[in-house]
Amino acid sequence: MAFDVEQVKADLIAWLKDWFEENGKGCNAVIGISGGKDSSVTAALCVAALGRDRVIGVLMPNGVQSDINDAKWLVSHLGIRHYIINIKDAFDAIVNGIFFAGMQFSHQARVNLPPRLRMSTLYAVSQSENGRVINTCNLSEDWVGYSTRYGDSVGDVCPLGKLTVTEVKELGLALGLPKELVYKVPSDGLSGKTDEDNLGFTYAVLDRYIRTGCIDDPETKALIDRKHKANLFKLELMKTYQYDGPIRAEQ
């Protein structure tokens, strides 16, 4: 089935309007802005659905962010209110606390800490500004677990969660975003590698596999399948032990 970007755009805008009517009438959309395609498209959708006066962008560098001008460009292009909140002091305090506790701070913990601090920051802004936190993840990244649990993987509502990277890019152009932001090569900002380098395959290959089941390289297929299976827990609710004890009846 062909991707009808104009229909999807209209449906998403209407869906966001309805969601806010039911779950936050009059509330603001609070979005972490990185300057990449996902946060840019999400912010543009919220502006189209709610108006620029109800969209708040939050830029959260960890010290010096080399590409922060892209994020500033995005909020200027959309004309939305924004805040810059540097998370470095919080990050350093936790790192130092772990060090002084005598614990070995793993590489993966260091990589995942900033996204979790950013999500805490977004909720602090949201609660202070009558807001709802908008998740910016897409289907392609969720499919292979390329997100941080309780970091960028969460939020109050997720507009792009069923769209692949390829489709998000089409949507960004349809929303009138600058091509430089839509086609910006995503990277983790830490390793000097692109997201595709870290994953071991391109989003184009992944998106084709997700939508059609077709893939040319058996090793790449196995890698994608392995990542998908291993990271499904990130998309599920926390498991709870089911105890069938008595529950007090409603009065």
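Colleague: Why is alanine 29 called buried?

Modeller: The model is a predicted one, in which local features need pLDDT of at least 70, side-chain atom pairs count only at pLDDT 80 or more, and totals for chains, interfaces and linings use all residues. Residues are numbered from 1 along each chain as its sequence is written, and side-chain values use heavy atoms, with hydrogens and water left out. Buried means under 20% relative accessible area, exposed over 50%, and partly exposed in between, with a 1.4 Å probe and protein chains only. Alanine 29 has a relative accessible area of 0%, so it is buried.

Colleague: Where is alanine 29 placed, and with which residues is alanine 29 in contact?

Modeller: Alanine 29 belongs to strand β1, residues 28-32. Helices (H or I, at least four residues) and strands (E, at least two) are DSSP runs, numbered from the N terminus. Contact means heavy atoms within 4.5 Å. Apart from neighbours within four places in sequence, the contacts of alanine 29 include Phe20, Cys46, Leu50 and Ile134. From C-alpha to C-alpha, alanine 29 and threonine 42 are 9.9 Å apart in space, and 13 residues apart in sequence.

Colleague: What is the relative accessible area of lysine 37, a residue called buried?

Modeller: For lysine 37 the value is 5%, so this residue is buried. Lysine 37 lies in helix α2. With neighbours within four places set aside, the residues in contact with lysine 37 include Asn138, Glu141, Val165 and Pro186.

Colleague: How do you know that the buried residues of α3 line one face of the helix?

Modeller: In α3, residues 68-78, the residues Ile68, Ala71, Leu74, Val75 and Leu78 are buried. Seen down the helix axis, the buried residues of α3 fall within an arc of 115°, so they line one face. The arc is that of the directions from the helix axis to the C-beta atoms. An α-helix has 3.6 residues a turn, so residues three or four places apart point the same way.

Colleague: Which exposed residues does the face of α3 turned away from the buried side carry, and against what do the buried residues pack?

Modeller: The face turned away carries Asn69 and Ser76, both exposed. The buried residues of α3 pack against α2 (37-50), β2 (55-59), β3 (81-84) and α8 (179-182). Just after α3, glycine 79 has a positive phi of about 70°.

Colleague: What makes asparagine 130 and tyrosine 150 partly exposed?

Modeller: Asparagine 130 has a relative accessible area of 46%, so it is partly exposed. The value for tyrosine 150 is 47%, so tyrosine 150 is partly exposed. Asparagine 130 lies in the loop between α5 (107-128) and β4 (131-133), and its phi is near 55°, a positive value in a residue other than glycine. Tyrosine 150 lies in the loop between α6 (139-143) and α7 (165-174), with phi near 65°, again positive in a residue other than glycine.

Colleague: Why is the protein called as compact as a globular protein of its length?

Modeller: The protein has eleven helices and four strands. Its radius of gyration is 19 Å, close to the 18 Å that the globule rule gives for 251 residues, so the protein is as compact as a globular protein of that length. The radius is taken over C-alpha atoms, and the rule is 2.2 Å times the number of residues to the power 0.38. Of the 251 residues, 43% count as buried.
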